Amino acid sequence: MTDVHKPTTRPIKVLVTKIGLDGHDRGSRVVAAHLRDAGMEVVYTPPWQAIDAVVKLAMEEDVDVIGLSCLATDHLLVPKLMRALRDSGLAHIKVVVGGIVPDEDEAALLDAGVSRIFHPGTSLDDITETITDLAGLSLAPNERP
Amino acid sequence: MNGTARDDTARLIQRLVDGQRAALARAITHIESGAGLAPRILGAIQSAIDKARVIGFTGPPGVGKSTLINAVIRELRKRKKSVAVAAVDPSSPISGGSILGDRVRMGEHGSDEGVFIRSISSRGHLGGLSATTAQVIDLMDAAGWDVILIETVGAGQSEVEIAQIADVSIVVCAPGLGDDVQALKAGILEIADVLVVNKADHPLAEQTRKQLTAMLALRRAERREVPVLSTVATSGHGVDRLVEVIEDQYRDTVGHTQVRGPIKRFRYLIANAAGRQLQERLTTSAAGAMHEMCARVSRGELSVDSAARVLLDDLLK
Amino acid sequence: MARKRAVLLQDDSIDAHAEWRRDYEQQLPHDKAVTNRSGIEIKPLYTPNDWNDASYVGDLGYPGQPPMTRGIYATMHRGRTWSQRQLIGLGTPLDYNQRLKRLIDAGTSAISLIPCNSVYRGYDIDEVDPLLVGTCGTTVNTIDDMDVCFRGINIGRISTAMNDPLPFTLLALLLAVAKRRGVSWDHVTGTSNQSDYISHFVANHMFFRLALPASRRLLVDHIAFCNQWVPNWNPLSVVGQHMQQAGATPAQAMAFTLCTAIQYAEDCINRDMDPETFLPRFTFFFDIAISFFEEIAKFRAGRRLWQKIVRQRFGVTNSKAWRFKFHAQTSGVDLTRQQPLNNIARVTTQAMAGIFGGLQSLHTDAYDEVLSTPTEAAAQIAISTQNILRDEAHLTDVIDPLAGSYYVETLTNQMEQKIEALIGQIDAAGGMFKAVEQGIVQNMVGESAREFAHQVETGEQVIVGVNAFQAEEDGSVRQPLERPEPHRIQNQLDQLRSFKAARDQSKVQSALDKLTAAANSDDINVFAEVVDAAIAGVTHGEIVACLRREMGAGEPLISI
């Protein structure tokens, strides 16, 4: 566990990434651009990240929130990622999932600790607001330290 | 700060110096935000700084800096060096937000415990770095990383700041420079300890290398030689040689100037801080004198330069 | 004569037109400008002032004749409608085989094979997380797997589309099975659907495995090999669909696809291949978005431009090469999770646009694609939609039925201009390969994706059930998920292990050595060695891994 709480006067830092085998990244790129335009610092990776790579990256970048874009059936891996984050002392990082998650699988993801699932058709502002709330910070783009 | 928070901070610093990556990551967040714990953390680690070699990479956009750094990491790992990377990306002037995508091309080191990569937003700072990059490097140094690689924003000619904090500055170019030659002439060529022509498998690469060598010959007659190397970052071609040359340059620079990395960074940081403080005092304690100078300049009694001199002389008396 | 009549018409109607304009502006004082997805402003009314019969011969002509606007064959859908090519792929080769047989019974005239995502990424199933194996495509790794996929089916008598990218291991495995069964490669017909590596890099899909330069070489090897040994196979499908799904506007998707085809043609010519021979086998694959008239105009304009490119740029006289043969798929991006049955209406509208656009082959999406991997029931509705449009609605009775519409012809001309301007931009950048290498195309596509997202966000573009007409849902239309049973996947993994143990290891090693040598030489056709490796029992994952090692892996080229 990291001992000291983060400073609050800074931009929110988000990791936007994809695990598993799918490579469609139109959605994650549009979301990343929108979060940037809302004043956030967005660490963006290509698709096909391994779970241990995401954990290491989230730790090194000290992000507030991880946004995963899942298509095909890649969401099935999300519980594994949640466990890996916990095992590495990163339980404080909030995780949201966007993309195609069948209703039947939703509960399994939420039980594993996912904070929110964004289905297709979610407004970009809704995503920004949710991430802002989860990060526990107010967006203050002009109030740079 | 209450007692518990002070203990927590002490533990964070201890874990940082012990080389725990999560602690380094969290400490960087504090340094980047500038306020709160930053001075205490920096104060505590100063004695632990002095080991790392700091290599800067700069150059116009699209020349393959990230890919080259990826290849350099691979080469350094072969030589059993631990490598920390600070990759600076620009922030949006409108929202202040940023896309930090440099590590996109450093993905192959995703699970290597001997590599630490941190993306940094410039947060409005010009000059190719962020306002706190030099302190971030201090942290990485204190955390025990052998080599620290810095990637500048890559916006072009104005990125000379890197030379003031890196032990060795590498300017990366691509074949068929065109307009970029002007940019190089105007600035970053001056700071190069090593010049790299990346994408050397391109038909125009050799011609570009010759152009650059000729340009250097004109400008650097009085100074030591700047090696011009060719690399293909995607295949790794020429990267082993680059790493050797970096090592040579490091020995040369440090031997020649006796200025080791941390001293260089301190010099830069102190000068920056002094500038900031001076500006602050000019707008606060010297506000009255400033008002008077403005009036005198507007009446044509003094030039702007003379007014500034009078003001500073008064202030520093 | 035609021109004179048109002019008369204009003279007569000048006053009437002015009167209409006045009435229109009076009754609709705050009329908002309407722009289609490609950025063309759409007027409220089109008249002979915009397009008239005087342009008939130059703009339209007759079906099967230049400028090909009205269709590439004299008989078009009246003679032969279109191939109903449904994508299927789920679970194990045996699962695939069973569903395939049912689809053939239901009237599917051409089939396709969608591999598991692990296969797309270039791995065997024992190289990835077992949780993902077989959940969205079929697990084909070996010659034995391919044999099971087509058990009881004569592969010499059915057209197959293979949906894996280069190095095209699925076709190699199919050819290996044909050899095993004694079926001549002359009788193997179908298409390498995912051969367009440039579109993969642009859309950043999962379909790329090798670096751009290696991909460039392998595609030409593949085309050369097929032309010589598998003469009835279409080795190339140029894919506009990926780019449009990734956010390109319809005009951009058409332009970039034509530029890609130009690039491939030039690459083949540089390898001393004859365009008179290879160009007739080029096929195309497009997305059909719900922007109805825009899509129709896109296809008509694209057809016109392709014959122009083939004749003028490449000087090809073989009229078969002038034909812009394309498969089209209804756009999955337009489908919504909200009120999912509405997607049936969307797919129907998209399919109509494709049919009026003159397609040769059609895939209609299942309405539940946006919820999960399509269910069999939903796939059945998708096929029925095509049958209804053809047999009940009689959409195919008349060739190019919208020709002569002032609007459709004007829009076709405007789309053509827009597309040509984009082609000019790519030409100026040094061609498609260079433009993609530099990220120019990716930037433009990303920009369009963000622009469209913005329009949806602001409500400027209505999406029923998403940003307008929202309704409470009971979820009862949701079909249960179809997932492969774990023991069958385990069984498949066991089979792969025994396959690897039982094969002739020395043959495998020698095939891999030859593949390695080919990858490192400019004179040996790499795809020929891929086929030999498949015959020797080398697995899909082993072939891709070897080439990735020898020729370089493809890195995503991302821009935001």
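Analyst: Between chain A and chain B, 34 residues of chain A are in contact with 37 residues of chain B, where contact means that the C-beta atoms of two residues, placed from the backbone, lie within 7 Å. The model is a predicted one, in which local features need pLDDT of at least 70 and side-chain atom pairs count only at pLDDT 80 or more, while totals for chains, interfaces and linings use all residues. Residues are numbered from 1 along each chain as its sequence is written, and chains are lettered from A and ligands numbered from 1 in the order in which they are written.

On the side of chain A that touches chain B, helix 1, strand 2 (41-44) and helix 2 (51-61) of chain A each supply at least two residues. Helices (H or I, at least four residues) and strands (E, at least two) are DSSP runs, numbered from the N terminus. Helix 2 of chain A provides the largest share, 6 residues. By class, this side of chain A has 16 nonpolar, 6 polar and 12 charged residues; Ala, Val, Leu, Ile, Met, Phe, Trp, Tyr, Cys and Pro count as nonpolar, Asp, Glu, Lys and Arg as charged, and the others, Gly among them, as polar.

Strand 2 of chain A also pairs with strand 3 (residues 98-100) of chain B, in the parallel sense and over 3 bridges; pairing requires that DSSP finds at least two bridges between two strands. In this pair, A:Val42 stands opposite B:Ile99.

The two strands belong to an open sheet of 6 strands, ordered 5(A)-4(A)-3(A)-1(A)-2(A)-3(B), with parallel pairing. Strand 5 (116-118) of chain A and strand 3 of chain B stand at the edges with a single partner strand each, so one side of each has no neighbour in the sheet. Neighbouring strands are turned by 25° against each other on average, direction ignored. Axes here are lines fitted to C-alpha atoms, for helices over the stretch in contact, and angles run from 0 to 180 degrees between N-to-C directions.

Helix 2 of chain A lies across strand 1 (13-17), strand 2 and strand 3 (65-70) of chain A, at about 160° to strand 1 of chain A.

As for confidence, chain A averages a pLDDT of 89, and 92% of the residues score at least 70; pLDDT is the predictor's confidence in each residue, from 0 to 100.
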